[in-house]
Amino acid sequence: MGGFGIGATEFVAMGLLPDMALDLLPGLAATSTEAANAAAGWIISAYALGVVVGAPTIAAAAARWPRKQLLLTLLAAFTLGTVASALLPTFELVVAARFVAALPHGAYFGIASLVAANLMGPGKRGRGVALVLSGLTIANVVGVPAITWLGQLAGWRIAYLAVAAIFAATFVAVLAAVPWQPGDPAATIGRELRIFTRTQAWFALGIGAIGFGGLFAVYSYVAPLATEVTGLDAALVPVVLIVIGLGMTIGNFVGGRLADWSVRRSMYLGFGIMAASLVVLALTASNPVGLITGLFLVGGSASALSPTIQMRLMDIARDSQSIAAALNHSALNIGNSLGAILGGVVIAAGLGYVAPVWVGLALTLAGTVLALASFGLDRARLRRGIPMPSVTGAMPAIGD
């Protein structure tokens, strides 16, 4: 439920971006619809930047907290921040509210992933992480299209109030159902922050931040891509979002199982399919079948990478588990922000709504290069006899 609420609050802006641009930037929209849509992309970027800031800060500072107490605190913050996003009157204030509402995002997913991995037990950590993330992907099948339809019907502000109601309901559900788990009594901010001294941590963050940006270069502008390039009616945008959500949901569960098999191989496979899918989308977006097929494959392959990157960070974190689990979402939301910004740049430059797809391909290929470099460093360390502790402290096999 928490992942479902987060998926709704993060992605509903993609389908309602033209409506938000028209309401919050009426002067610019009257001059240029493309310029207004590109500027409204800052609403998406502000949320992503809030995740980047909040994830390591909250995770490091609150690592000692009992995990259920921390989850409840974060859900209360989500609820209040989303209500503010719905009620504030100006573009600048809404952007600020989206930043504040995003601060709990990474820490919530990080702590929930640790809870799930602990409950699932050895050999099933990837599936536990995927289960937590499944709420986010299911939101793209059910929640985001439904709330997008509600926003088109009643206004985007009503849509965000509906999201706030989801967070309030999740607070009650967590209070009633989630088992108590202690925090880490030995955790300190300094110990958690030691992850930033490790080269492989920076590689893993770069893989998520750059490689995953390929998805958001496309997703941020999927509404105008569908209406302006493919020629679909605006009423069909929720259907397009359902297609992406189905791909992401299937990809997430497949990615969780693949991560339990081999983090390295599953990461290479995910990036390869994602790059090919972006090429298909760029070349066939003017055709409805090409658009649907390309978006399904892009969403599925990108989502399969998420639990894999999460596992990679947890494996190289050693004793910095809380912050490592949260940092994955910082990295992915840097990708969110980067993709939205670069996609907006090429649209504002007059290159059209297909141009962000090519931007996405460039980011995906850059993420692949970082993955190759990271695992190449692992092999070099193993050849020199330097151990690489996994999250259990065991020496991982070279194929993993």
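User: How do the axes of helix 13 and helix 14 cross in this model?

Analyst: Two packed helices are described by the angle between their axes and by the distance between those axes. In this predicted model, the axes of helix 13 (residues 237-261) and helix 14 (residues 263-284) cross at roughly 140° and come within 6 Å. Helix 13 is therefore oblique to helix 14, since only angles over 145 degrees count as roughly antiparallel.

User: Which residues of helix 13 and helix 14 meet?

Analyst: From helix 13, Leu258, Ala259 and Trp261 meet Val263, Arg265, Ser266 and Leu269 of helix 14. By class, the residues of this contact are five nonpolar, one polar and one charged.

User: Is Val240 buried or exposed?

Analyst: Val240 is part of helix 13. Its relative accessibility is 2%, so Val240 counts as buried; the cut-off for buried is under 20%.

User: Which residues does Val240 touch, leaving out those up to four places away in sequence?

Analyst: With that exclusion, Val240 touches Val222, Ala226, Leu232, Leu291, Ile292 and Leu295.

User: How many residues along the chain lie between Val240 and Ala165, and what separates their C-alpha atoms?

Analyst: Val240 and Ala165 are 75 residues apart along the chain, and their C-alpha atoms are separated by 25 Å.

User: Which residues of helix 12 are buried?

Analyst: In an α-helix there are 3.6 residues a turn, so residues three or four places apart point the same way. In helix 12 (residues 222-229), the buried residues are Val222, Ala223, Pro224, Leu225 and Ala226. Among them, Val222 and Ala226 are also touched by Val240.

User: What follows helix 12?

Analyst: Gly231 follows helix 12, with a positive phi near 85°.

How values were computed
Residues numbered from 1 in each chain as written. Predicted model: local features only at pLDDT ≥ 70, side-chain atom pairs only at ≥ 80, totals over all residues. Heavy atoms only, no water. Buried < 20%, exposed > 50% of the residue type's maximum accessible area, 1.4 Å probe, protein only. Helix = DSSP H or I, 4+ residues; strand = E, 2+ residues; numbered from the N terminus. Axes fitted to C-alpha atoms, helices over the stretch in contact; angles between N-to-C directions. Parallel < 35°, antiparallel > 145°, perpendicular 65-115°, else oblique. Contact = heavy atoms within 4.5 Å. Nonpolar A, V, L, I, M, F, W, Y, C, P; charged D, E, K, R; others polar.
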